[in-house]
Every structure is written in structure tokens, then in C-alpha cells.
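Have the viewer open while you read.

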Amino acid sequence: MPLPRGKKATVTAGSRIPKLHATKKENQEEGSQVKRSSSPPHGAPKKRTAFIDITNAHKVQISLPGRKKESAKTTAKKTSSSSVSAKNQANLKKSSSVSSEGTTPETERADAVEEKPCEEEAQKDAAAPVEELVAVAPPAAREVPAHLQRQQIPEEFDIDSENSEDSYMCPEYAKDIFDYLKRREEKFVLCNYMPKQPSLNPEMRAILIDWLVEVQENFELYHETLYLAVKMTDHYLSQTPVHREMLQLVGSTAMLIASKFEERSPPCVDDFLYICDDAYKREELISMEASILQTLSFDVNIPIPYRFLRRYAKCVNAGMDTLTLARYYCEMSLMEMDLVPERGSLLASACLLMALVTKDLGGWTPILQFHSGYQTSDLEPVIRRLYLMLVAPPDDKLRAIRNKYSHKVFFEVASLPLVNMDILEKALLQ
């Protein structure tokens with residue numbers, strides 16, 4: 001809406017009038033380039049160089065609701081009185097700074113028209129009740145709610161301060177992140193789903209996992225990719241009946257999805273078709289990918305035991321050989337159907353305790369209890385099942401994990417003798 005010439009724009013509640021005075025410097029530069037008219041039209045006030053050319057603006061009048069029309073002379077008399085409030089004086093100073101160039105008697109009288117509403121508003125503010133003034137005051141600083149306050153970590157349990165200069169380690173949030181992942185595990189608790197799979201059995205599943213370990217080695221994928229692929233496979237099989245001929249397709253597709261989630265440079269679809277010996281078509285793999293994602297509601301960020309294992313090993317400054325031995329136990333547990341319902345954090349804790357006892361590095365310390373949230377009594381049932389799994393004679397058909405961890409790169413931990421059960425019992429009683 002055009003403005004009357006010689007009047008300043010006033011912004012009121014709900015007003016959409018642009019703040020022309022906000023661009024005073026730019027307008028002055030533009031105004032200096034416009035030729036000034038030596039003789040303005042008869043009856044029209046002078047142009048204001050700060051607003052460039054608004055010749056026809058004087059023909060339009062703005063009527064604001066709730067304001068009475070007053071003549072410029074009457075308003076000028078009222079504003080010239082000595083009863084101008086402090087707020088009005090501030091507005092006058094502000095307006096004088098905006099229209100410092102090109103001011104004429106006509107513009108002064110036009111500016112005075114706006115002063116009466118300002119005076120009325122000042123009187124209203126003075127008469128406003130105290131409650132209203134308090135309401136518009138800036139809120140005082142509030143205390144952070146208890147559930148948003150950061151957890152205070154005792155100095156003897158602080159394992160992240162040493163990485164305070166490494167932003168990639170997220171030392172400020174590391175404890176909160178793993179506490180969140182531990183809470184998130186409750187959403188992904190599984191049960192023994194084999195009764196729902198008439199065409200499958202635990203041995204078939206173990207063969208699939210053994211094959212996925214070989215895929216992970218051949219493609220040189222992260223260990224996180226392997227664990228996530230196994231988790232997605234189990235969650236999909238727990239909800240969807242699958243024929244045995246399609247089991248390999250489910251596993252390879254889960255590995256493809258996990259690679260996209262974890263890897264920097266994941267293998268492509270053709271790579272997974274190749275490792276399946278072209279037993280499936282491209283359309284089948286893509287269709288299976290969509291089926292898995294829809295079944296999991298696209299929530300593939302499943303907490304895996306491998307992440308917890310590395311975190312807990314840091315609590316006791318475990319060496320790479322000790323961590324690798326715990327990883328060997330943890331990876332062997334992937335093939336055990338009885339351990340599928342166990343939470344990843346609990347499984348990782350049991351594997352680490354077995355590795356510590358095997359290496360004669362102590363038992364479950366207070367710092368491990370603090371960061372894991374588990375006592376030795378919580379770990380006992382899982383450790384017993386792990387021990388029975390490891391003490392059982394190896395299956396010649398399922399050698400991928402044992403062969404993998406028999407290599408020098410992995411400190412040949414698969415060839416280490418299993419710790420005596422009596423020693424484990426003593427560690428569990430501490």
C-alpha cells in the first residue's frame with residue numbers, strides 16, 4: 001500500500017507495511033542519483049529524496065482502525081506542548097535520524113500527525129496494570145529439568161576425558177550415546193522364532209551365518225556390517241515365513257542393506273548376485289530389499305553387541321589381543337540360536353568377562369558395572385551358554401569363524417585353550 005508523501009511508516013500489530021527506514025543508506029544512495037524536480041506540481045508537497053519518487057502517494061490516505069482523524073494544525077499544536085512523554089521523545093529522535101535529509105515545514109507538520117497516537121499509547125502503557133507489565137518482561141533464567149541434566153560421571157569412572165581434544169570420539173556425549181543404545185535394545189528383543197518357520201531349522205540358519213562371515217571377509221566389510229546383517233535377518237525371519245530356497249536371498253539382501261548403512265563404499269547389487277552364484281535375479285533381490293525394509297518399518301539402526309564390546313573394553317584399557325579374543329567369542333555366538341534373544345550389551349559383557357578371565361586380567365570391575373549396568377549375577381547364565389557352545393566339538397561344515405580368527409592378523413585367538421570352568425566360577429562369585 002503506498003504511503004502519503006511526507007509521512008513516516010508506523011508499524012502496528014498485524015501491519016504489513018515494509019520498514020522503509022531500515023534501508024536508509026541504500027535509499028539515500030539511490031535518491032542521490034535521481035534528478036530533483038525544480039518545480040513540483042501545484043498543491044503537491046516536495047519530494048523526499050530518502051524515498052526517491054512517490055509523486056502520487058499524496059492522493060492515497062491510510063485509515064487505521066481506532067484512530068480519529070485530526071488536522072495537521074491541531075496535532076502540531078498538541079505535539080508542541082511541554083507534556084511530551086519520554087517515550088515520545090525517543091520516537092522523535094528516531095524519526096529525526098531517519099528523515100535527516102530533505103525535511104521541510106510540510107513534512108514536519110505531516111510527521112506531527114503521528115505523534116498523537118504515540119502519546120496515547122504511552123498513556124495507555126502508563127495506566128496498564130502491573131500484572132501486564134510483568135507478563136511482557138523477559139522470562140527469568142530457568143533451571144534445567146532433571147531429565148535433561150547431564151549425568152555426573154565420577155572421576156574414577158571417566159573414560160572419555162582423555163579424548164577431550166578429539167571431536168570424532170564425541171567425549172561429551174559418549175556415555176549418553178551408549179545409554180541411549182542400551183535403552184533402545186528393548187525395542188528389538190527377539191525370541192526363538194524357529195517354530196514359525198516350517199521350512200527352516202537352526203542348522204540352516206547357522207550355515208547362512210557362516211556364509212555371511214565369508215562374504216564379509218571377501219568384500220573386506222566392517223564387522224559392524226556383519227552383525228547388523230545378522231540382526232536384520234533374524235528380525236525379518238521372526239515376522240515372515242521364508243522357504244529354505246529363499247534363505248540365502250534374505251541373508252545376502254540383509255548384508256546389502258547393512259552395507260549401505262555402515263560402509264563408506266558398499267558393494268553394488270551385481271556383487272551380491274555374483275556371490276549368490278546367480279541363483280537369483282536382480283528383480284528378486286530388489287524386491288526382497290523392499291520387503292525387508294517394510295517389515296522392519298525402515299528402522300535398521302539396531303543396537304549390535306560389537307559396539308558395546310569395544311566400549312566396555314575401553315573401560316579396562318584392554319589390549320588388542322584381549323579385545324580380539326572377546327570378538328571371537330561374540331562372533332561365534334551369532335550362529336547360536338539360543339543366544340538370539342539376548343540383548344547385545346549383555347552378550348558383549350559376557351564375552352569380555354570370559355576374555356579377561358582367559359587372559360588372567362581380573363574380573364568384572366566397578367567401572368565395568370558403572371558403564372554396562374550389569375552385575376556378575378546378570379552375566380552368569382549367558383557365560384554358561386557361551387562356555388557350552390565353545391567347549392562343544394567344532395562342526396567341520398562351519399569353519400569360517402574359526403579359520404578367520406586363526407590368522408595372525410587376529411592373534412590366532414581361535415587356537416587358544418578355553419579357560420577352566422572352575423576359574424570362571426570364581427570370577428562370577430566376585
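1. Start with the second largest pocket, which has a volume of about 700 Å³. On a 1 Å grid over the protein atoms alone, a pocket is an open set of points with protein on both sides within 12 Å along at least five of seven lines, while a cavity is a set where a 1.4 Å probe fits but cannot get out; lining residues have an atom within 4 Å of a point. Points are joined across faces, edges and corners, and a volume is the space filled by probe spheres set on them.

2. A word on provenance: this is a predicted model, with local features needing pLDDT of at least 70 and side-chain atom pairs counting only at pLDDT 80 or more, though totals for chains, interfaces and linings use all residues. Numbering runs from 1 along each chain as its sequence is written, and side-chain values use heavy atoms, leaving out hydrogens and water.

3. Back to that pocket: 19 residues line it, and Tyr168, Met169, Phe178, Arg307 and Arg310 lie nearest its centre. Two or more lining residues come from each of α7 (174-184) and α13 (305-315), with α13 giving the most, 5 residues. Helices here are DSSP runs (H or I, at least four residues), numbered from the N terminus. The lining splits into 11 nonpolar, 1 polar and 7 charged residues (Ala, Val, Leu, Ile, Met, Phe, Trp, Tyr, Cys and Pro are nonpolar; Asp, Glu, Lys and Arg charged; the others, Gly among them, polar).

4. Now the cavities: there are 2 of 30 Å³ or more. The largest has a volume of about 130 Å³, and among its 13 lining residues Lys231, Leu334, Leu339, Val340 and Leu347 lie nearest the centre. α9 gives the most to this lining, with 3 residues. By class, the lining has 6 nonpolar, 2 polar and 5 charged residues.

5. The second largest cavity holds about 70 Å³. Its lining includes Glu185, Phe188, Lys231, Val340 and Arg343, and divides into 7 nonpolar, 1 polar and 4 charged residues.

6. Last, have a look at α12 (residues 282-295). Its buried residues (under 20% relative accessible area, 1.4 Å probe, protein chains only) are Leu285, Met288, Glu289, Ile292, Leu293 and Thr295. They cover an arc of only 165° around the axis, which puts them on the same side of α12; the arc is taken from the directions from the helix axis to the C-beta atoms.

Definitions and conventions
Buried < 20%, exposed > 50% of the residue type's maximum accessible area, 1.4 Å probe, protein only.
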